[in-house]
Amino acid sequence: MSTRGPISQFIEKNYLHFNAAALMDAAKGYETHLTEGGKMMVTIAGAMSTAELGISLAEMIRQGKIDIISCTGANLEEDIMNLVAHSHYKRVPNYRDLSPQDEWDLLENHYNRVTDTCIPEEEAFRRLQKHIYKIWKDADTAGERYFPHEFMYKILLSGELEQYYEIDPKNSWMLAAAERNLPIVVPGWEDSTMGNIFASYVIKGEIKATTMKSGIEYMAWLAGWYPENSGGKGVGFFQIGGGIAGDFPICVVPMLYQDMEMPEIPFWSYFCQVSDSTTSYGSYSGAVPNEKITWGKLDINTPKFIVESDATIVVPLIFAWILKQ
């Protein structure tokens with residue numbers, strides 16, 4: 001084994017108990033899964049792109065440590081927004097002290113707040129909108145249909161946005177994914193700023209709704225991808241946060257088994273969830289991994305890990321271990 005870098009050495013020495021030990025176990029389990037020939041899906045919920053997960057995630061993609069991603073529409077677009085408008089973002093470290101009037105003032109100044117970080121509407125949303133609209137419209141006119149992430153790949157690979165780059169492009173996970181043509185599923189894409197903007201063009205009669213491929217089509221596509229890639233060691237599932245980004249793709253296994261009547265379909269062969277959602281009642285994000293056995297998602301013997309902590313802290317450390325940093 002090659003010598004590990006200082007981050008890996010630090011966590012191996014110090015992260016020995018409780019959530020720290022769970023982090024270490026999950027990282028070693030992920031690494032073992034890949035070493036034994038397995039593939040890995042990573043699911044991204046919350047606002048991890050705005051938290052600049054791309055700094056570590058992009059390198060994971062480049063090094064082939066991730067085979068497929070499921071993410072929310074927000075994470076799909078916000079990585080690109082950070083790429084083209086980073087200097088215009090506004091940090092609000094005292095966000096806990098903001099009054100309703102303070103929040104209104106941010107809105108009036110065209111800042112949309114995500115915890116301590118405000119996304120600039122004009123430089124981020126509108127800048128991207130101006131360019132993505134043309135790609136949407138061209139496809140609509142030509143009678144072509146694409147998935148949300150395919151449209152984003154087109155705009156990134158066209159080079160049109162390079163004039164706006166404000167961070168080192170190696171820290172954009174979407175750019176890394178586009179360059180590899182990494183498979184992505186984006187369930188519930190409509191629940192995003194670009195999704196809302198697309199809907200507005202549909203309502204105004206400028207673009208047909210069918211120009212954008214749907215969530216059902218994403219599931220149908222995933223139902224084809226999974227059997228092709230689940231041989232041997234199988235496909236692992238590394239879930240950042242909870243919600244639709246995780247629950248949508250994990251369901252492909254019970255769907256294939258129960259609804260497509262494919263009894264030989266393998267279960268997910270590794271599972272880790274990193275979330276600060278503690279075990280709770282009726283919540284998907286707060287469900288312990290064993291609950292997924294009853295839904296036909298995980299096997300009795302699937303290695304299962306849960307790190308109940310802030311994903312913005314935990315995930316870059318796990319990725320650092322896998323990258324031997």
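The model is predicted: local features need pLDDT of at least 70, side-chain atom pairs count only at pLDDT 80 or more, and totals for chains, interfaces and linings use all residues. Residues are numbered from 1 along each chain as its sequence is written, and side-chain values use heavy atoms, with hydrogens and water left out.

**Nonpolar cores**

- In soluble globular proteins, nonpolar side chains tend to be buried together.
- A nonpolar core is a set of buried Ala, Val, Leu, Ile, Met, Phe, Trp, Tyr and Cys residues joined through side-chain atoms within 4.5 Å; buried means under 20% relative accessible area, exposed means over 50%, and partly exposed lies in between (1.4 Å probe, protein chains only).
- The largest nonpolar core has 97 residues, and Trp 136, Trp 173 and Phe 238 have the most contacts inside it.
- Helix α13 (residues 311–322) supplies the largest share of this core, eight residues; helices (H or I, at least four residues) and strands (E, at least two) are DSSP runs, numbered from the N terminus.
- A second, separate core of five residues includes Val 92, Tyr 95, Leu 106 and Cys 118.
- Leaving aside residues up to four places away in sequence, the residues that Trp 136 touches include Phe 151, Trp 189, Met 194 and Tyr 201, where contact means heavy atoms within 4.5 Å.

**Helix α8**

- Six of the eight residues of helix α8 (residues 173–180) are buried, and the helix is thus mostly covered.
- Its buried residues are Trp 173, Met 174, Leu 175, Ala 176, Ala 177 and Ala 178.
- Among the elements that cover them are β1 (39–44), α3 (54–62) and α7 (148–158).
- Asn 181 follows α8 and has a positive phi, near 50°.

**Aromatic rings**

- Rings of Phe, Tyr and Trp (its six-membered ring) pair if their centres lie within 6.5 Å; planes under 30 degrees apart count as stacked, over 60 as edge-to-face and the rest as tilted.
- A search of the whole structure finds 15 aromatic pairs.
- One of them, Phe 237 with Trp 268, is edge-to-face, with 4.8 Å centre to centre and 70° between the planes.
- This pair links distant parts of the chain, 31 residues apart: Phe 237 is in strand β7 (residues 235–240), and Trp 268 is in the loop between α12 (252–259) and β8 (271–275).
- Both Phe 237 and Trp 268 are buried.
- Tyr 30, Phe 238, Tyr 270, Phe 305 and Phe 319 form one aromatic cluster.
- The charged end of Arg 4 sits over the ring of Trp 321, 3.7 Å from its centre; the criterion is that NZ of Lys or CZ of Arg is within 6 Å of the ring centre and within 35 degrees of the ring normal.

**Salt bridges**

- Side chains of opposite charge can pair when their charged atoms come close.
- The structure holds twelve salt bridges, each a side-chain nitrogen of Lys or Arg within 4 Å of a carboxyl oxygen of Asp or Glu.
- Glu 31 and Arg 4 meet through their side chains in a salt bridge (2.6 Å, N to O).
- This bridge links distant parts of the chain, 27 residues apart, with Glu 31 in helix α2 (residues 18–35) and Arg 4 in the segment before α1 (6–14).
- Glu 31 counts as buried at 13% relative accessibility, and Arg 4 counts as buried at 9%.
- Glu 121 and Arg 126 also meet in a salt bridge (3.3 Å, N to O); Glu 121 is buried, with a relative accessible area of 17%, whereas Arg 126 counts as partly exposed at 34%.
- Salt bridges that share partners join Arg 4, Glu 31 and Lys 324 into one network.
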